[in-house]
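Take a walk through this protein chain, one stop at a time. Keep the structure open beside the text and find each residue as it is named.

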Amino acid sequence: MTSDDLLARHRAVLPSWMPLYYAEPIELVSGEGRRVTDAQGRTYLDFFGGVLTNMIGYDIPEIREAVQRQLDTGIVHSSTLYLIRQQVELAEKIARVSGIPDARVFFTNSGTEANEAALLVATNHRRSHQILAVRNSYHGRSYAAMGVTGNRGWSASALNPLQVAWLHSGERLRGLLARLDPADRLDAAVEDLREVLATQTAGDVACLIAEPIQGVGGFVHGPDGLFAAWKKVLDEHGILLISDEVQTGWGRTGEHFWGYQAHGVTPDLLTFAKGIGNGFALAGVVGRAEVLEAVPAISFSTFGGNPVSTAAGNAVLDYLLDHDLQANAERVGAILGDGLRAAVGELAQVAEVRGKGLMLAVEFVRPGCAEPDPALATRVFESCREGGLLVGKGGLYGNVIRMGPPLTLTEEEAREGLAILVDAIRAGIEVEQVSA
């Protein structure tokens with residue numbers, strides 16, 4: 001069977017609003033380490049990891065063996081109406097590393113469900129459906145999660161069960177705060193929050209949900225300390241802080257284990273997903289017991305924290321800690337980040353090389369201004385694939401190349417991918433200049 005056959009079948013039975021990467025979509029049929037192979041036998045270095053999900057890489061023996069041991073018991077599912085040893089053990093580990101005192105953990109299948117659970121808890125705790133969210137954010141594809149998503153391209157419904165007021169993201173290229181001196185942005189963000197509370201809410205707001213680094217938004221982030229500046233105001237009003245760590249968690253940023261730790265503050269709730277399952281469906285919310293217990297009726301997730309997924313999660317977290325992958329993310333991420341800044345950072349079409357650790361992005365604009373150039377980003381994206389490198393796209397305007405490689409990426413692989421990416425950027429710019 002050819003990929004063309006599979007593509008035709010895909011289009012015949014799946015909805016058109018499910019995007020496929022590349023002008024000629026590829027089917028990945030095998031993987032090992034940080035490399036995947038498509039149905040045509042072409043092998044790629046993977047710098048996107050299934051959207052930052054294959055955090056340890058592919059075909060990792062420790063994870064495969066842990067899952068196989070659970071499969072060998074014959075118990076794939078029992079529901080949480082019965083004790084699940086793997087679930088309890090993983091919850092204990094996550095509670096320890098969360099940084100949240102007296103923590104409780106509730107497991108779900110995806111980041112969307114984790115954010116839904118966090119919103120359920122926060123609105124019950126405060127008896128309010130008023131929410132603060134951040135412009136250019138993304139929190140998932142379900143009803144309430146879309147309601148707190150501040151990116152129109154990913155808001156698939158204009159309807160909203162929540163009353164949401166929006167804060168500035170602290171983006172450095174565009175918007176009101178971008179006009180300010182960096183030293184003034186934290187004060188401006190606090191003023192913005194106070195004004196929003198005074199003018200757009202009835203006062204009894206449930207929570208602020210925010211990403212330390214906006215994932216789908218193009219790896220945009222405000223200045224370090226932003227969450228702490230916000231939380232001083234939130235605490236005055238009894239408003240909870242939810243840190244959406246679906247993409248920033250587990251040491252990916254290198255400098256910290258959780259994205260919130262760059263801000264010198266501890267959230268009331270944090271949500272996690274993606275990398276902890278390394279491809280198995282595993283996510284959840286962790287928070288202070290006082291907050292997480294604020295659910296007035298029975299609630300559970302049929303498949304959340306099932307024996308197979310949590311067996312994988314235990315192996316992933318153990319591997320992550322045993323091999324100090326956070327330090328690797330910082331070291332290898334510096335090779336990529338510094339290399340990109342040195343090679344293409346001064347090009348007129350590159351507005352910014354940004355990110356932390358192994359969460360990096362390049363934003364493309366028209367020369368001499370901040371006008372987004374999604375066409376150039378697409379050319380670079382396609383050229384990377386042709387060169388044997390898989391990357392992601394994103395940003396509010398679709399003009400950002402995103403990279404979230406497995407945290408096991410080696411220095412040699414980082415330099416290999418860097419060379420392909422730099423060549424792709426230069427080739428994409430040359431095409432633009434010729435056509436002009």
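**From the surface to the salt bridges**

Start on the outside. Val13, Leu14, Trp17 and Met18 make up a nonpolar surface patch, and together they have about 460 Å² of accessible area. Patches are built from residues with over 30% relative accessible area and no salt bridge; like charges are joined within 9 Å, and nonpolar side chains (Val, Leu, Ile, Met, Phe, Trp, Tyr) within 5 Å. Accessible areas come from the Shrake-Rupley method with a 1.4 Å probe, and for residues only the protein chains shown count as cover.

A word on the model before going further. This is a predicted model, in which local features need pLDDT of at least 70, side-chain atom pairs count only at pLDDT 80 or more, and totals for chains, interfaces and linings use all residues. Residues are numbered from 1 along each chain as its sequence is written, and side-chain values use heavy atoms, with hydrogens and water left out.

Met18 sits in the loop between α1 (3-13) and β1 (28-32). Helices (H or I, at least four residues) and strands (E, at least two) are DSSP runs, numbered from the N terminus. Met18 counts as partly exposed because its relative accessibility is 37%. The cut-offs are these: buried means under 20% relative accessible area, exposed means over 50%, and partly exposed lies in between (1.4 Å probe, protein chains only).

Next, look at a helix. Helix α3 covers residues 61-72, which is 12 residues. From its first C-alpha to its last, α3 reaches 16 Å, close to the 16 Å expected at 1.5 Å a residue. The expected span is 1.5 Å times one less than the number of residues. Which residues of α3 are buried? They are Ile63, Ala66, Val67 and Gln70. Seen down the axis of α3, these buried residues fall within an arc of 95 degrees, so they line one face of the helix. The arc is that of the directions from the helix axis to the C-beta atoms. There is a general rule to keep in mind here. An α-helix has 3.6 residues a turn, so residues three or four places apart point the same way.

What covers the buried residues of α3? The cover includes α4 (85-98) and α10 (307-322); contact here means heavy atoms within 4.5 Å. Now turn to the face of α3 that points away from its buried side. That face carries the exposed residues Arg69 and Asp72. Just after α3 comes Gly74, with a positive phi of about 85 degrees.

Two other residues have a positive phi without being glycine. Phe219 has a phi of about 60 degrees, and Asp324 has one near 45 degrees. Both are in loops. Phe219 lies between β7 (207-210) and α8 (226-237), while Asp324 lies between α10 and α11 (325-344). Are they buried or exposed? Phe219 counts as buried because its relative accessibility is 0%. Asp324 is partly exposed, with a relative accessible area of 43%.

Loops can hold other buried residues too. Thr149 is in the loop between α6 (143-147) and β6 (163-167). Thr149 is buried, at 4% relative accessible area. Leaving out residues up to four places away in sequence, Thr149 touches several others, including Tyr138, His139 and Trp166. Leu358 is in the loop between β11 (350-356) and β12 (359-364). Leu358 is buried, at 0% relative accessibility. Leaving out residues up to four places away in sequence, its contacts include Arg252, Leu336 and Met403.

Finish with the charged pairs. A salt bridge is a side-chain nitrogen of Lys or Arg within 4 Å of a carboxyl oxygen of Asp or Glu. By this rule there are 20 salt bridges. One of them joins the side chains of Arg174 and Glu363 (2.7 Å, N to O). Arg174 lies in the loop between β6 and α7 (185-200) and Glu363 in strand β12, so the pair ties together parts that are 189 residues apart in sequence. Both Arg174 and Glu363 are buried. Glu363 also meets Arg354 in a salt bridge (2.8 Å, N to O). Arg354 counts as buried, at 3% relative accessibility.

Another salt bridge pairs Arg366 with Asp373 (3.4 Å, N to O). Arg366 is partly exposed at 34%, whereas Asp373 is buried at 0%. Salt bridges that share partners join Glu171, Arg172, Arg174, Glu352, Arg354 and Glu363 into one network.
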